[in-house]
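Q: I am new to this structure and would like a close look at one part of it. Please describe the charged side chains and how they pair.

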Amino acid sequence: RYAPEKLSAGYRGDRLQVDLGDFYASIGRGIALRIRKTNELSEDTTLLGGKARTQLGPIELTALAGLSNPTNTDGVTEKTLEDPNDLITAADVSWRPLDWLVWSAHAVWMKIDPLERNNEARNRIQMSDLPSWALVAGSRLELPALVDWMDAYAEFDPRMGEIAEP
C-alpha cells in the first residue's frame with residue numbers, strides 16, 4: 001500500500017484556530033479524551049477530520065470530529081493493518097472568570113466502527129463484547145496558581161455506553 005499516512009493543514013488567527021486533516025486531541029488532562037503520539041518508533045494515533053478552537057473573552061470553545069487514524073503497521077508481524085475508522089466527536093467549553101479559576105464542561109462521543117469495516121475483529125471476538133458507542137460527559141475545575149507554590153485540579157468524567165447486539 002502506497003499512500004500518504006498523515007496529512008494536515010491549519011489556520012491560526014488571533015481568536016480562532018482550525019486544524020483539518022490529521023490532528024492530536026486532548027480534553028482536560030486527557031481523562032475524557034487523549035489521542036496522541038506515544039513514542040517516536042511506533043504508536044502514533046491521530047484523528048482524521050477537523051478541530052476548531054475560539055476564545056471569546058473569558059470563554060474558550062473547542063469542537064472536534066474525526067475518524068481514528070492510528071499508524072497502520074504492526075511492528076511484530078510487519079503487516080499493514082486496516083484503519084478502525086471509529087468516529088470520535090467532542091466539545092469543550094471553558095470559562096475563566098478570574099485569573100485563578102477555570103471551570104469547564106465537556107462531552108466526548110464515540111461510535112465504534114460506524115462504517116462496519118472491522119468484520120475480522122468482530123469475528124474473532126463475540127459481537128456482544130464490543131460496544132457500539134461510548135459517551136463521556138464531565139466537568140473540571142482548575143485553580144491555577146492557587147498560591148505561589150500550588151495548583152489544584154479536579155475532573156469528573158462518568159462514562160456511558162451501549163453493548164452491540166449479536
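A: Arg12 and Asp19 form a salt bridge, with their closest N and O atoms 2.9 Å apart. This comes from a predicted model. Asp19 is buried, at a relative accessible area of 14%. In all, the structure holds 4 salt bridges. As background, side chains of opposite charge can pair when their charged atoms come close.

Another pair is Arg53 with Glu60, where the closest N and O atoms are 3.5 Å apart. Here Arg53 is partly exposed, with a relative accessible area of 30%, and Glu60 is partly exposed as well, with a value of 25%.

Next comes the pair of Asp92 and Arg140, a salt bridge whose closest N and O atoms are 3.0 Å apart. Asp92 belongs to strand β7 (residues 87–98) and Arg140 to strand β9 (residues 131–147), so this pair ties together parts that lie 48 residues apart in sequence. Both Asp92 and Arg140 are buried, and for Arg140 the relative accessible area is 9%. The pairing extends to a further residue: Asp92, Arg140 and Glu142 are linked in a network of salt bridges.

Leaving aside neighbours within four places in sequence, the residues in contact with Arg140 include Ile27, Gly28, Asp92, Ser94, Trp103, His106 and Tyr153. The C-alpha atoms of Arg140 and Phe156 are separated by 6.2 Å, and these two residues are 16 residues apart along the chain.

Two or more lining residues come from each of β3 (25–27), β5 (46–56), β6 (59–69) and β7. Strand β7 gives the largest share of this lining, 4 residues.

Strand β5 also contains Ala52. This residue is partly exposed, with a relative accessible area of 31%. Not counting residues up to four places away in sequence, Ala52 touches Gln17, Val18, Leu61, Thr62 and Ala63. Between Ala52 and Gln17 the C-alpha distance is 5.6 Å, although they are 35 residues apart in sequence.

A charged residue without a partner gives a contrast. Asp22, in strand β2 (residues 16–23), is buried yet has no salt bridge. The nearest side chain of opposite charge is that of Lys6, 4.5 Å away. Asp22 does have polar contacts: one of 2.8 Å joins its side chain to the side chain of Thr46, and one of 2.7 Å joins the side chains of Asp22 and Asn69. Not counting residues up to four places away in sequence, Asp22 touches Glu5, Lys6, Leu7, Ser8, Thr46, Leu47, Leu48 and Asn69.

Technical notes:
Residues numbered from 1 in each chain as written. Predicted model: local features only at pLDDT ≥ 70, side-chain atom pairs only at ≥ 80, totals over all residues. Heavy atoms only, no water. Buried < 20%, exposed > 50% of the residue type's maximum accessible area, 1.4 Å probe, protein only. Lys, Arg positive; Asp, Glu negative; His and termini not counted. Polar contact = N/O pair within 3.5 Å; in protein donor to acceptor, adjacent residues only side chain to side chain. Contact = heavy atoms within 4.5 Å.
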